[in-house]
Amino acid sequence: MGNLFKGCLGCLGIIIVLSLIVGGCTAFFGTKEYNKTEESVTETPAEKAPNSEDTETVSEKEETVNEEKEAAEKGSWLSKIQEVAASNKSKTEKFDEISLYAQDYNASDSERTEFENYIVKEYKNGKYLADIENDEYMLTNIFKAEVVDTYYDHRGQDNTPIALFAFDFWQNTKYTYRGVDDVNSHEVKANEEQMDKALAKMY
């Protein structure tokens, strides 16, 4: 009986020792695994940093592409006007060609805004009808005014102040350039009164 009791105690001791060993191993390897997880969590932001830079690079590339596109479009319409202005066509034929070109021209928002500011500036400084024999200048004014007018007309916004202004600016430029109206005619002055009213609503 005593030997049996001693044998049980021995087994119990062995079980306790094994439990301690297993527990120690679990704690040791568990800690290592936790440290690995912590390291991977710590590394994640560092891995994301290049992605942020990549996003910025893509954004910069898109801006560059847009700028190049706008420059190409400007070169395109400017070349067209210079080509038509230098041709031997009549003023009416030159007007018709640029007018059709303007109606199909797809200006960016920034470019259209630049056109709007341009025609307002030319009117305010009194230059827009000062040199009606200058084909390139007059065709440029016709082109920009018609691009603006067409944009608002296609969107059903032809009663907004800038649209009304652009239309009357275009009318006066068109008829004086083609020799239909004199720069001091009643029709031109009436349109300028309308332009002044539109400007008063804009500023």
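**Entry 1: Thr 140**

I began with Thr 140, which is buried because its relative accessible area is 11% (buried means under 20% relative accessible area, exposed over 50%, partly exposed in between, with a 1.4 Å probe and protein chains only). Thr 140 sits in helix α4; helices here are DSSP runs of H or I with at least four residues, strands are runs of E with at least two, and both are numbered from the N terminus. I then looked up its contacts, where contact means heavy atoms within 4.5 Å. Setting aside neighbours within four places in sequence, Thr 140 is in contact with Trp 77, Ile 81 and Tyr 118.

**Entry 2: ground rules**

A note to myself: this is a predicted model, in which local features need pLDDT of at least 70 and side-chain atom pairs count only at pLDDT 80 or more, while totals for chains, interfaces and linings use all residues. Residues are numbered from 1 along each chain as its sequence is written, and side-chain values use heavy atoms, with hydrogens and water left out.

**Entry 3: the whole protein**

I counted six helices and zero strands, so the order from the N terminus reads α-α-α-α-α-α under the DSSP assignment. Of the 203 residues, 30% are buried. Among contacts between residues at least 6 apart in sequence, 70% join residues at least 24 apart. The protein exposes about 13,100 Å², and carbon and sulfur atoms supply 55% of that area (Shrake-Rupley method with a 1.4 Å probe; for residues, only the protein chains shown count as cover).

**Entry 4: Lys 144**

Back to helix α4, where Lys 144 also lies. Is Lys 144 buried or exposed? Lys 144 is buried, with a relative accessible area of 6%. Not counting residues up to four places away in sequence, Lys 144 touches Trp 77, Glu 114, Phe 115, Tyr 118 and Ile 119. I also checked Ser 99: its C-alpha atom is 9.8 Å from that of Lys 144, though 45 residues separate the two along the chain.

**Entry 5: α2 against α4**

Next I looked at how two helices pack. Helix α2 (residues 91-104) and helix α4 (residues 135-154) meet at an angle of about 35°, and their axes are 9 Å apart (axes are lines fitted to C-alpha atoms, for helices over the stretch in contact, and angles run from 0 to 180 degrees between N-to-C directions). On the α2 side, the contact is made by Lys 91, Lys 94, Phe 95, Ile 98, Ser 99, Tyr 101, Ala 102 and Gln 103. From α4 come Asp 135, Leu 139, Ile 142, Phe 143, Glu 146, Val 147 and Thr 150.

**Entry 6: α3 and Arg 112**

Helix α3 (residues 109-124) has 16 residues, so at 1.5 Å a residue it should span 22 Å, and the 23 Å between its end C-alpha atoms agrees (the expected span is 1.5 Å times one less than the number of residues). Its buried residues include Glu 111, Phe 115, Tyr 118 and Ile 119. After α3 comes Gly 126, with a positive phi near 75°.

**Entry 7: α5**

I closed with helix α5 (residues 161-177), whose 17 residues reach 24 Å from first C-alpha to last, close to the 24 Å expected. How many of the 17 residues of α5 are buried? The count is 13, and α5 is mostly covered. Just after α5, Gly 179 takes a positive phi of about 80°.
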